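Q: Please pick one part of this structure and look at it closely. Keep it brisk, and give the cut-off behind each term.

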Amino acid sequence: MTPGTGELLDEVVQACAAIERYVDDSPPSDLVLDAVRMRLVEIGVAVAALPDDLTASEPGIPWVRLAAIGDRLTNGRRPVSPPVLVWTARVDAPRLREAAARLRDRHALRTGPTS
């Protein structure tokens, strides 16, 4: 069974919240960076399945780039540096979490909480 839009948005919100918890003010360990990478892969898969008309209502988020992030992180041709991962975790993940939560709330209002 394919997850619905609400479930996909929940996955994005939860993955972003996890990333935010992983990275505090201290330099992250390799284990933490690996966890951030995996959560970003999960986010990419979920975002790729979201309807374009829904994501278009949050134009400040690079949805197309996010949908492709899993490939970038897993293909190994151009590794993502630790400083970029930390920036993503500290700056981009909170913005994405907030946008995905807004989309989830709007979607629930339009379709009901089960879609």
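**Around the largest pocket**

A: Asp92 is partly exposed, with a relative accessible area of 30%. On this scale buried means under 20% relative accessible area, exposed means over 50%, and partly exposed lies in between (1.4 Å probe, protein chains only). The model is predicted: local features need pLDDT of at least 70, side-chain atom pairs count only at pLDDT 80 or more, and totals for chains, interfaces and linings use all residues. Residues are numbered from 1 along each chain as its sequence is written, and side-chain values use heavy atoms, with hydrogens and water left out.

Start with the pocket. Arg65, Leu66, Ile69, Thr88 and Asp92 lie nearest the centre of the largest pocket, which has 20 lining residues. The space in this pocket is about 440 Å³. A pocket here is an open set of points on a 1 Å grid over the protein atoms alone, where a 1.4 Å probe fits and protein lies on both sides within 12 Å along at least five of seven lines; lining residues have an atom within 4 Å of a point. Grid points are joined across faces, edges and corners, and the volume is the space filled by probe spheres set on the points. Rolling a probe the size of a water molecule over the atoms shows where empty space is left.

Helices are DSSP runs (H or I, at least four residues), numbered from the N terminus. H6 gives the largest share of the lining, seven residues. By class, the lining has 15 nonpolar residues, one polar and four charged. Ala, Val, Leu, Ile, Met, Phe, Trp, Tyr, Cys and Pro count as nonpolar; Asp, Glu, Lys and Arg as charged; the others, Gly among them, as polar.

H1 has 18 residues and spans 26 Å from first to last C-alpha, close to the expected 26 Å. The expected span is 1.5 Å times one less than the number of residues. Buried residues of H1 include Leu8, Leu9, Val12, Val13, Cys16 and Ile19. H2, H3 (52–55) and H6 are among what covers the buried residues of H1. Contact means heavy atoms within 4.5 Å. H2 has 19 residues and reaches 27 Å, close to the 27 Å expected. Among the buried residues of H2 are Leu33, Val36, Leu40, Val41, Ile43 and Val47. The buried residues of H2 pack against H1, H4, H5 and H6.

Gly6 sits in H1. Gly6 counts as buried, at 10% relative accessibility.

Side chains of opposite charge can pair when their charged atoms come close. Asp92 and Arg95 meet in a salt bridge, 3.5 Å from N to O. A salt bridge is a side-chain nitrogen of Lys or Arg within 4 Å of a carboxyl oxygen of Asp or Glu. Arg95 and Asp92 are about one helical turn apart, because they are three residues apart in H6. Arg95 is partly exposed at 42%. An α-helix has 3.6 residues a turn, so residues three or four places apart point the same way.

The structure holds eight salt bridges. H6 is also tied to a loop. Glu58 forms a salt bridge with Arg102, the closest N and O atoms being 2.8 Å apart. Glu58 is in the loop between H3 and H4 and Arg102 in H6, so this pair ties parts 44 residues apart in sequence. Glu58 also meets Arg106 in a salt bridge (2.6 Å, N to O). Arg106 is in H6 too, so that pair ties parts 48 residues apart in sequence. Glu58 is buried at 8% relative accessibility, whereas Arg102 is partly exposed at 40% and Arg106 is partly exposed at 32%. Arg102 and Arg90 are twelve residues apart in sequence and 19 Å apart, C-alpha to C-alpha. A further network of salt bridges links Asp10, Arg104 and Asp105.

Asp52 counts as exposed, at 65% relative accessibility. Its C-alpha is 9.4 Å from that of Val64, twelve residues away in sequence.

Conventions:
Helices (H or I, at least four residues) and strands (E, at least two) are DSSP runs, numbered from the N terminus.
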